[in-house]
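Colleague: I'm new to this one. Can you walk me through it?

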Amino acid sequence: MKKILIVEDEERIASLIEINLAAEGYRCICAFDGNAAADLIEKEKFDLILLDIMLPKINGYELLEYIKPLGVPVIFLTAKNKVDDRIKGLKLGADDYISKPFQIGELLARVEAVLRRCGNAERVLSLGDVEVEMKSRVVYKAGAPVELTVKEFDLLVEFMQNKNVALYRDRLYEKVWGEVYMGDTRTLDSHIQRLRKKLGWDNYIKTVFRVGYRLEDGE
């Protein structure tokens with residue numbers, strides 16, 4: 001059973017998360033301030049940490065610096081309008097972020113995706129006849145290498161690690177480019193169009209109306 005630490009100072013939100021994750025078979029422990037979280041992290045081993053940014057005593061950024069050497073994946077919980085917080089968290093090493101308020105379904109999907117990719121020691125991602133070698137950053141299609149730009153490769157990895165999950169445009173842009181998303185879709189859309197063309201993935205990378213994109217594995 002995967003063990004998740006929920007670090008959230010609003011007890012109502014922490015309880016809601018705990019109830020829903022427990023219903024999915026996860027074991028959850030809650031901490032309501034940074035000090036309590038640090039004590040738990042020191043004493044126990046966790047498979048994932050859901051980490052609020054604005055916490056009493058020790059904030060989420062400071063905790064993330066402590067967590068990083070332990071190799072435990074972290075999903076930041078962040079206020080909806082704090083775009084800079086999301087960017088800073090990703091640059092500091094968070095594995096994902098969820099904006100408040102959030103849908104429970106999205107939370108569960110993100111938790112599952114992060115646990116799946118972080119718990120998988122396999123350094124080769126694959127879908128159909130496409131293989132991605134993470135360490136060497138080489139992509140093959142039907143055994144032949146495919147030339148991708150740095151951003152195209154990073155986009156591909158995001159899709160491969162989040163199969164069947166609808167990814168919002170702002171999340172994709174901020175994760176791959178490390179910049180605040182200002183609403184201009186041209187850069188992201190053009191990169192995805194080139195990625196589709198190079199991999200022959202018109203039927204794999206689906207456009208999700210008013211949301212973004214989803215990689216479907218056909219399973």
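Modeller: We'll take the salt bridges, then a sheet and its helices.

Modeller: This is a predicted model: local features need pLDDT of at least 70, side-chain atom pairs count only at pLDDT 80 or more, and totals for chains, interfaces and linings use all residues. Residues are numbered from 1 along each chain as its sequence is written, and side-chain values use heavy atoms, with hydrogens and water left out.

Colleague: How many salt bridges are there in the whole structure?

Modeller: The search finds 17. A salt bridge here is a side-chain nitrogen of Lys or Arg within 4 Å of a carboxyl oxygen of Asp or Glu.

Colleague: Which residue does R171 pair with?

Modeller: D96, at 2.9 Å from N to O. R171 sits in helix α7 (residues 169-177) and D96 in strand β5 (residues 96-100), so the bridge ties together parts 75 residues apart in sequence. Helices (H or I, at least four residues) and strands (E, at least two) are DSSP runs, numbered from the N terminus.

Colleague: Is R171 buried or exposed?

Modeller: Buried, with a relative accessible area of 1%. D96 is buried too, at 1%. Buried means under 20% relative accessible area, exposed over 50%, partly exposed in between (1.4 Å probe, protein chains only).

Colleague: Which residues form a network of salt bridges?

Modeller: D96, E106, R110, E158, R171 and K175.

Colleague: New topic. What is the strand order in the open sheet?

Modeller: β6-β7-β8-β9, four strands with antiparallel pairing. Two strands pair if DSSP finds at least two bridges between them. β6 (124-127) and β9 (144-146) are the edges; each has a single partner strand, so one side of each lacks a neighbour in the sheet.

Colleague: How many bridges join β7 and β8?

Modeller: Four, between β7 (residues 130-133) and β8 (residues 138-141). E133 has V138 in β8 as its bridge partner.

Colleague: Which strands does α6 touch?

Modeller: α6 packs on the sheet against β6, β7 and β8, at about 110 degrees to the direction of β7. Contact means heavy atoms within 4.5 Å. Axes are lines fitted to C-alpha atoms, for helices over the stretch in contact, and angles run from 0 to 180 degrees between N-to-C directions.

Colleague: And which strands does helix α8 touch?

Modeller: α8 (residues 186-199) touches β7, β8 and β9, and its direction makes about 50 degrees with that of β8.
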